[in-house]
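Please read it with the model open beside the text.

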Amino acid sequence: MECVHGRTEADETQRRVRNQKTIQMNVKLLGMEGDPKIKFLLDGGDLLKVRSSNWKKTRYYKLQEDCKTMWQESKKTFKSKQTCECWPSVPPTFSLDEIAAVNLGRQSEGLKKYTEEQVEGRCFSIMFKGRRRNLDLIASSEEEAKQWVNSLEKLITHMSNLSPQQKTEHWILACLRKADKNKDEKLSLSELKNFLRLINIEVDDDHAEMIFKKCDKSKSGYLSGEEIEHFYDLLTHREEINVIYETYAQTAGFMTPENLVEFLMKEQREKATLAEAHRIIENHEPDENVKAKKLLSIDGFIMYMHHPEAMLLNSDHQEVYQDMSQPLNHYFISSSHNTYLMEDQLKGPSSTEAYVRALLKGCRCVELDCWDGSDGEPLIYHGFTLTSRILFKDVIKAIKENAFKTSEYPVIISLENHCSVEQQKVMAHHMNSILGSALITAPLEDDMPTDFPSPEELKGKFLIKGKRLNKLEASYRAEAEAELTDVTEEEESNDEDEEKEKEKSKKKKLKLAKELSDMVIYFKSVHFNGFEDAVKNLSFYEMSSFKEGKAVGFSEESANLFVRHNVHKVSRIYPAGSRTNSSNYNPVPLWNAGCQLVALNFQTPCSEMDVNQGRFLINGKSGYVLKPAYMRDIATEFDPITLTRGDWLKHKMLHVMIISAQQLPKLNKKKSSIVDPMVTVEMYGVPADVAKKETHTVENNGFNPSWNESFQFDVYVPDLALVRFMVEDHDSTSDNEFVGQYTLPFNSLKMGYRHVPLLNKNGDRLPSAGLFVHIMVVDAK
């Protein structure tokens, strides 16, 4: 029996056997043999896909043989010259690496809008990293929905726990399968060349033929079985790591615990004990026979070197390690501007998903632009623009549901209030009823506070930033002050000069509802009238927002005054209104001036957001980073511009050697397109520390390029410095194309030979890509 493609039943049987072998191999690699959850996903099933109230269609979803890609099939029959029922055209797929979260119930904006409450238990949504829209689905039963969610979550967890070596193996197996065009489990010379291009290596014909002949022991003209394994070994051989390993593996080609201690102390500059060496061998040596002899093989050494504890970022800093009992204004706080926007500020969509994404990235201060809705329900959108509108109450619900998934420390809700008194009362009601006891509506102390509470005291709490009718002190007096009814409204969207802005703010008044005003406890918004006025007339909780131009001016011309101001007050900085494309400013000069709430457009992938992510990468990604002691001292002399002598001046020399990279992604899916990588190392910090160095370009190799180039940097204020590693695809005729980057605080660098993970434009980890570097930090003489 034969189909239109000439494939016989025997061909089909062989294909199924091969697929089954691939599945078994990948399931074993994941450590999920016999697990009913992976079987459920491999079997797949029908789900109702929801895009609008009118677009709800059945789709068949299943996990592919690689155990990392989900496959979607339409229920219609495919009929074209290229397809037949037994061999359908390739439908849309997505990798599990692309999933940010799987949520049970009607949690997404789409499901809330387009489905009824009675299907709540049958609904679930898949949220993707980056800008890809959610996949909203309805299962046939509540039990089945739970099964999909639990199975996907378990598989994603297993995949994230794979060692880099296992991930490489997984990826190479998938590429080998793709290169094997006729599916005979053999590689011809042309298939080998195709495979090399798939993994981002371009080699000339002579070199490809040399590799092929070296592996073709049987002289059969193709590689199979052990020959492909030999080819894989040649491909994944890490000469640079072998050299290091062999220097210390003095006992019959293996590392003893003593050898490992010597390596850790001499090369990695770590305090190491024999007990520590035994723990590393126990945890990372894959060969049980070698482990039994208390030795570490080259494979075990590579697995250890890829483990988070051995990578560039100090593993101690991946947990909350800073003092969290200081007043809130003593911390840099991860902050978002126009959080509701998914794209630009003129016509981009507003969405509750934008709040979810920002909160999952550790953001601790979100912004809500509030306007009157036609049916008495306040809306959130960018005023006087074409951006879409969302309900205030839906945003508060989304914040409540996602606030503490990444960090347990407090979330500040920054209100830009343009609503009528009536709708302000509705806002107050929604926040009270939805946030409940987690909302701070009174000072923590019985007496009038004199300072901010700490992040530790405010765990799991929400704080409101906005206008207040009177001073907080008034509520503690026996005879309360006469209540005001209006306050000066501050516009965040204009870029007028100082005089025009003051004139406008005098004229424009906002009627304020007492119910909303009373919710503002620790973050009362006030107009800034100068540093001297702030010292004399403002209470600790009265804070000002500065647009970027004014703030940068202060950070350059009155840097020490700004630093001192931020010791006893809070400052929020926001992007200029002229940034209609939601671009970002450089946050570093504002952190150098001690500003706490340096708000960026989280929805915009850019180097400024990379640096922001790097700043808050540490301290358990809590969104709070303690400012250095000299930025918490009211009498501080610290000035980031002039850099007089003081505790901040700790001149260091940073030596960086860029050794190699591994598995850089192809940017262009064309088979012939290969990355020409180059690496840039950038220093951010006080002006004296800002610097940039570049490697040469390696042509036609994104799989395992090597540079072995060394750079040196002077670092004068290490507490405020950040290091950024960026990989680009060099182009001599146009701008280089971004491949990946990693940014981290200078004080969180580990010395020695280290692997550096790489993140994509959206700040998500590239599954297998990385750099291999050597780091040395010494005191400058």
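Which residue forms a salt bridge with E270, and how far apart are the closest N and O atoms?

## Salt bridges around E270

The partner is R754, with the closest N and O atoms 2.7 Å apart; a salt bridge here is a side-chain nitrogen of Lys or Arg within 4 Å of a carboxyl oxygen of Asp or Glu. Because R754 lies in strand β30 (residues 752-759) and E270 in the loop between α10 (257-266) and α11 (274-284), the pair ties together parts that are 484 residues apart in sequence. Helices (H or I, at least four residues) and strands (E, at least two) are DSSP runs, numbered from the N terminus.

R754 has a relative accessible area of 1% and is buried, where buried means under 20% relative accessible area, exposed over 50% and partly exposed in between (1.4 Å probe, protein chains only). A network of salt bridges links E270, K750 and R754.

## Basis of the model

This is a predicted model, in which local features need pLDDT of at least 70 and side-chain atom pairs count only at pLDDT 80 or more, whereas totals for chains, interfaces and linings use all residues. Residues are numbered from 1 along each chain as its sequence is written, and side-chain values use heavy atoms, with hydrogens and water left out.

## Other salt bridges

The structure holds 27 salt bridges, among them one between K524 and E542, whose closest N and O atoms are 3.1 Å apart. This pair links distant parts of the chain, with K524 in strand β19 (residues 523-525) and E542 in strand β20 (residues 542-547), 18 residues apart. K524 is buried at a relative accessible area of 9%, and E542 is buried at 3%.

The side chains of R106 and E120 also meet in a salt bridge, at 3.5 Å from N to O. R106 is buried, with a relative accessible area of 12%, whereas E120 is partly exposed, with 35%.

## The enclosed strand β28

Eight of the eight residues of strand β28 (residues 722-729) are buried, so this strand is largely enclosed by the rest of the structure. L722, R724, M726 and E728 point one way from β28, while V723, F725, V727 and D729 point the other way.

Strand β25 (residues 677-684) pairs with β28 in the antiparallel sense over eight bridges, pairing being assigned if DSSP finds at least two bridges between two strands. Within this pairing, D729 of β28 is the bridge partner of P677. Eight bridges also join β28 to strand β29 (residues 737-745), again antiparallel, and there V723 has L744 as its bridge partner.

## An exposed lysine

K181 is placed in the loop between α5 (164-179) and β8 (186-187), and at 56% relative accessibility K181 counts as exposed.
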